[in-house]
Amino acid sequence: MKLHFNPLSLIFFFFLFGAAMSSNQHDYSDALSKSILFFEGQRSGYLPNDQRLTWRRNSGLSDGWTHSTDLTGGYYDAGDNVKFNFPMAFTTTMLAWSVIEFGELMPPPELRNALVALRWSSDYLLKSVSQLPNRIFVQVGDPIADHNCWERPEDMDTPRTAYVVNAPNPASEVAGEITAALSAASIAVRSSDPGYSQTLLQNAVKTFQFADMHRGAYSSNDDIKNDVCPFYCDFNGFQDELLWGAAWLRKATGDESYLSYIESNREPFGASENVDEFGWDNKIGGLNVLVSKEVITGNMYNLEAYKASAESFMCSLVPESPGQHVEYTPGGLLYKPGGSQLQHATTISFLLLVYAQYLSRSSLSLNCGSLSVPPDHLRRLAKKQVDYILGENPMGLSYMVGYGERYPKRIHHRGSSLPSIVDHPGTIGCKDGSVYFNSTEPNPNVLIGAVVGGPGEDDKYDDDRSDFRKSEPTTYINAPFVGVLAYFAANPSFS
C-alpha cells in the first residue's frame with residue numbers, strides 16, 4: 001500500500017484546531033537567523049567585538065583558576081549561569097550535524113554564523129579534555145549556589161567550581177558525548193579549516209579512549225554526584241553515549257575499528273530496543289538514524305539492525321502506520337511526559353528531515369508494514385512541528401523569542417530578565433535580583449531567537465518567568481532547530 005497525498009488533505013485530525021491558529025506564511029529565513037543569534041546571548045568568557053546581542057558583556061573570566069587551567073568560554077546551557085559540559089557537548093554535536101546535513105542550504109552569512117556558534121563551544125570542549133589521558137572537566141559552576149541566586153552572568157559571585165573526573169574514575173556519558181561533538185565538528189569545519197578539523201579529531205580519539213577505558217557514569221563519582229544529578233544526570237545509562245561517540249568517529253575517520261565497535265556492542269549495550277526518543281540524555285534515536293545511512297547509501301548490511309530501529313522510530317511518527325505511535329497534543333505538538341516539550345519537537349523534527357534526506361538520495365521510501373511512506377511525508381511531519389513552534393498553535397503564539405508579533409516576554413533567563421550592565425552598571429547581587437524575577441513586567445533584554453520549553457500537553461502556555469519547565473530556553477532546543485530551519489528556509493514553498 002502506498003500513501004498518495006493530496007495537498008488539500010494533508011492536515012491530520014490531530015492537527016485540526018481553532019481560529020487561534022495562525023495561517024500566515026512563515027519567514028523561515030528570519031527564524032533561521034534568529035535561531036543562530038540566540039547562541040550569542042548564551043556566551044561565557046570574553047565576548048568579541050562583533051557581538052550582536054550587546055546587552056551581554058564578559059563573564060566567567062576566572063573559570064578554571066582553581067585547577068590552574070583556562071576553562072573560559074563555552075555556553076551557559078539555559079537560563080542559569082552554569083556550564084554543564086554534558087548538554088553543551090550535545091548542543092555542539094547538533095550544531096555540527098545541522099551544518100553537515102544542511103549547511104549547503106544556508107545563505108553564506110548564516111553558514112558563517114553557524115560555524116562561529118559551533119566553534120564557540122568546540123573551543124571550550126577542547127579545553128575540557130586538554131588534560132587527557134588522565135583528567136576530564138565535566139562542569140563549571142556550583143549549580144546549587146547558582147540556582148539560589150538570580151543575578152547576571154557579569155555579576156556572578158557564586159563559586160565557579162570546576163568539576164573534574166580523574167582516571168580511573170568514569171565519565172563515559174560526558175566523554176562519549178564530547179567525542180561525538182568533536183568528531184562531528186571536525187567534519188563540519190573540514191573544508192573551511194582543515195587544520196582545526198584535525199585538532200578536533202585527534203582530541204575526539206583521545207576522549208573516546210578515556211570514555212571506553214573507564215566505563216561508568218560520571219554521576220557515580222561521590223565527590224561530584226550531588227552537584228550533577230539534580231540537573232544533568234543521565235538516567236538512561238552511559239552505553240548509548242559510547243555507541244554515539246564511536247558512530248561519529250566512524251563517520252569522521254572511516255576507521256573500520258569503530259564500525260566493528262558499533263556493530264558488536266549494539267546488543268551488549270542495550271541499544272537493540274526500539275526507542276522513540278532523542279535528546280541530551282538519550283542518543284539511541286539519533287544513533288539509529290546516523291548509522292542507518294551506512295546501510296541506505298553504503299550498503300553496509302551488517303548494520304541493518306540499526307536501520308530497522310530507525311524505521312520503527314520513523315513509523316511511530318506516522319499516524320497512518322500500523323503499531324504504536326508517539327503522542328501528540330490536541331494542537332499537534334509532539335508530546336513526551338515531563339517538561340520542556342519543545343526539545344522533543346526540535347530534535348525529532350531534525351531526525352525526520354535527515355532520514356528523509358537519506359531516503360531521497362537513494363530513491364527509497366519508508367516501509368511501515370504494508371504502508372510505503374515517501375520522504376516528503378516525513379518532511380511534512382517535521383514542518384508541522386516547525387510551524388507549531390513559530391505560531392500555528394492554539395495559543396497563536398510564537399515560541400521563538402523575537403519572532404512574529406506575539407512571543408514569550410517573561411522567559412526564565414537571568415541575563416534577559418535583569419537590567420543589562422549597560423543600563424545598570426552597578427552590581428546586582430545574588431538576592432537583589434529577586435525583585436526582577438518576581439516582576440510581572442516583560443524582560444528588559446530580548447534574547448532573540450531563544451526557543452522556550454513550550455506548552456503543556458493541553459497546548460496551554462502562561463507567560464510566567466517562574467514556570468521554568470515552560471519558559472526557560474536551552475541551547476539543546478535551538479541547536480537541532482538550526483538545521484531544521486535551514487531546510488525550510490531553502491524550501492519555503494514546501495507544503
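A: The answer below takes up confidence, then the charged pairs, then the backbone.

This is a predicted model in which local features need pLDDT of at least 70, side-chain atom pairs count only at pLDDT 80 or more, and totals for chains, interfaces and linings use all residues. Residues are numbered from 1 along each chain as its sequence is written, and side-chain values use heavy atoms, with hydrogens and water left out.

The mean pLDDT (the predictor's confidence in each residue, from 0 to 100) is 93 for the protein, and 95% of its residues reach 70 or more. Residues 1–23 have pLDDT below 50, and this stretch has 46 contacts (heavy atoms within 4.5 Å) beyond near neighbours in sequence.

The structure holds 21 salt bridges, each a side-chain nitrogen of Lys or Arg within 4 Å of a carboxyl oxygen of Asp or Glu. One of them pairs Arg56 with Glu154, with the closest N and O atoms 2.8 Å apart. Arg56 sits in the loop between H1 and S1 and Glu154 in the loop between helix H4 (143–147) and S3, so the pair ties together parts that are 98 residues apart in sequence. Helices (H or I, at least four residues) and strands (E, at least two) are DSSP runs, numbered from the N terminus. Both Arg56 and Glu154 are buried, where buried means under 20% relative accessible area, exposed over 50%, and partly exposed in between (1.4 Å probe, protein chains only).

Lys83 and Asp63 also form a salt bridge, their closest N and O atoms being 2.8 Å apart. Lys83 belongs to strand S1 and Asp63 to the loop between H1 and S1, so this pair ties together parts that are 20 residues apart in sequence. Lys83 is buried at 0% relative accessibility, and Asp63 is buried at 2%.

The salt bridge of Asp212 with Arg215 has its closest N and O atoms 2.9 Å apart. Asp212 is partly exposed at 21% relative accessibility, and Arg215 is partly exposed at 42%.

As for the backbone, most residues other than glycine have a negative phi, and most peptide bonds are trans. Ser68, not a glycine, has a positive phi of about 50°; Ser68 is exposed, at 72% relative accessibility. A cis peptide bond links Leu132 to Pro133, with omega about 25°, and Pro133 is in the loop between helix H3 (108–128) and strand S2 (135–140). Another cis peptide bond links Ala167 to Pro168, with omega about 10°.
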